[in-house]
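Here is my note on the model, point by point. Please read it with the coordinates open.

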Amino acid sequence: MITDDFHVYDTTMRDGAQQEGLNLSVQDKLHIARHLDDLGVGFIEGGWPGSNPKDTEFFALAAKELELTNARLAAFGATRRAGAVAADDPLVAALRESGAPVVTLVAKSHDRHVELALRTTLEENLAMVHDTVEHLRSEGQRVFVDLEHFFNGYLDNRDYALEVVRAAMEAGADVAVLCDTNGGMLPHQVSDVVADVLESTGARLGIHAHNDTGCAVANSMAAVLAGATHLQGCINGYGERTGNADLVTSVANLELKLGRPVLPEGALADASRIAHAVAEITNYPPSARQPYTGVSSFAHKAGLHASAIRVDPDLYQHIDPALVGNDMRLLVSEMAGRATIELKGKELGFDLASDAERLARVTDRVKSMEQQGYTFEAADASFELLLAEEMEGARPAFFEVESWRVLAESDRGAPADVPTAEATVKLRAAGQRLAVIGEGNGPVNALDHALRQAIEQVYPDVARFHLIDFRVRILDQGHGTDAVTRVLIETTDGKDAWVTVGVGANIIEASWEALVDAFTYGLRRHGVARAEA
Ligand SMILES: [Zn+2]
């Protein structure tokens, strides 16, 4: 169900794409648009047709193959040039011909920007806004007007800033969007300005906030509380500099804290998945500490808390994580007691509560392993293997390693694509003895290749596993013992990802352990039947 009462307007593909290092292809944009539509946003800003071939192509393709259920597409662009006729301006024509039902025009509302950047008169700027809005309206498009640098403009010359709002509305714009373009405002300022503009002009107002004061979401909330009914933002807070207001956080605040349903019913429960899916496309991993959708957003560590969490999770969480499609996670750490381990086990599908002795044994084992340098906070997959071993009596095993060896050489004269390391892995699986040599651009890479090639012969599923992250830490054990190396490996099968841990006297030993766990866990997760060794 779409109503026009409140606009949730996404600008990930236009303003969000201004983020340093973020590049979206036309296909990326089509994928992102579908995700945003699933989230139930009302408007998706697709880009600036006419300003570059990619954005023009996006609108052409979108018109043909993008089917949206909830959202309407918006084309972004500027008002006509000074002294030109709107209907004849080629950039205005590109907006008209984009096929988008909505056009969002960016307009100057700060007098100094008009004079210094636009190099025209204040009167001509008003005419540019008026003519362009009126022309596009007469062509049947809805028009929203983004008032660039509005807050600074208002503080410098309130009367002129208000005149621009009136010019846009009188020409037929639906919304005047007040933009904190340089992101320098604080919530109390936004609140005052929005309230005054609303009272002085009666215009429907929107908010477009940047995060330079760390207040993008807070400023957006302040604007809505002061009467704005159109909210702009980007998924995962993407954007130039410190980013735009995070759209999911803003929307979750509106729905869950302010009791204002702005998405289709139930859509918010998909928010975490969608935020992460978009991050896969942008290739910008979302922050683990991102409000609502972050991996750590509902992660609890201390043992003391954990026992209370078992009684009532609401005591330690501001919302039920399921409301935004996230999960509570318990971090198994040496600070944690039996309660955490029992709950973590339950989360992973193991009933540890029924056997106090076993629970004590697992807890002791985790503690002693942590002493050796292991960490299970992030390495859920290794923890699950440990639990499975305790519950099932033996460590899950799909192959039996006989030996492994790795050689690394340095040859500066060699071309970059010549492997510098070679690993030999010998193992038994499904009654076969497999001896495989793998090459790689480093010892760990060579080991990964050799182990993978060997196991793949018996378990073809392994071909889908890819190592996506590799983290090494040297731990100083102190007091007479040598330092040990801890390696965390993240592996994906293209759908899910899991983290395993290894500890050893050096990086190769530690990596080997984490690699074996990674393949073992992946096969177990895929429900692969174990072939007899
Ligand atoms: Zn912006």
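1. **Helix H2 and its packing.** The buried residues of H2 pack against helix H1 (26-39), strand S2 (43-47) and strand S3 (72-78). Those buried residues are Asp 55, Phe 58, Phe 59, Leu 61 and Ala 62. Buried means under 20% relative accessible area, exposed over 50%, and partly exposed in between, with a 1.4 Å probe and protein chains only. Contact means heavy atoms within 4.5 Å. Helices (H or I, at least four residues) and strands (E, at least two) are DSSP runs, numbered from the N terminus. Helix H2 covers residues 53-65, 13 residues in all. From first C-alpha to last, H2 reaches 18 Å, close to the 18 Å expected at 1.5 Å a residue. The expected span of a helix is 1.5 Å times one less than its number of residues.

2. **Basis of the model.** This is a predicted model: local features need pLDDT of at least 70, side-chain atom pairs count only at pLDDT 80 or more, and totals for chains, interfaces and linings use all residues. Residues are numbered from 1 along each chain as its sequence is written, and side-chain values use heavy atoms, with hydrogens and water left out.

3. **Overall build.** The protein has 533 residues, and 53% of them count as buried. Its secondary structure comes to 17 helices and 16 strands. The C-alpha trace spans about 80 × 60 × 45 Å along its principal axes. Among contacts with a separation of 6 or more, 68% join residues 24 or more positions apart. The protein exposes about 23400 Å², and carbon and sulfur atoms supply 48% of that area. Accessible areas come from the Shrake-Rupley method with a 1.4 Å probe; for residues, only the protein chains shown count as cover.

4. UniProt places "domain: Pyruvate carboxyltransferase" at residues 6-269, in an unreviewed entry. UniProt positions are given in the numbering used here, feature names are shortened, and annotations may be inferred rather than shown by experiment. In the model, the span 6-269 is 44% helix and 17% strand. Its end C-alpha atoms lie 19 Å apart.

5. His 208 and His 210 are both buried.

6. **Helix H8.** H8 runs over residues 187-201. Its 15 residues should span 21 Å at 1.5 Å a residue, and the end C-alpha atoms are 21 Å apart, which agrees. Val 190, Val 193, Val 194, Asp 196 and Val 197 are the buried residues of H8. They cover an arc of only 170° around the axis, so they sit on the same side of H8. The arc is that of the directions from the helix axis to the C-beta atoms. On the other side, Asp 192 and Glu 199 are exposed. The buried residues of H8 pack against helix H6 (150-156), helix H7 (158-170), strand S6 (175-180), strand S7 (205-209) and helix H9 (216-225). Just after H8, Gly 202 takes a positive phi of about 70°.

7. Two loop residues deserve a look. His 149 has a positive phi of about 50° although it is not a glycine. His 149 lies in the loop between strand S5 (142-148) and H6, and is buried at a relative accessible area of 14%. Arg 241 has a phi near 55°, again positive in a residue other than glycine. Arg 241 lies in the loop between strand S8 (230-233) and helix H10 (247-257). At 48% relative accessibility, Arg 241 counts as partly exposed.

8. Is Glu 384 buried or exposed? Glu 384 is buried, with a relative accessible area of 14%. Glu 384 lies in helix H15 (residues 380-392). Leaving aside neighbours within four places in sequence, Glu 384 is in contact with Leu 348, Phe 350, Tyr 521 and Arg 524. Glu 170, in helix H7, is exposed at 64%.
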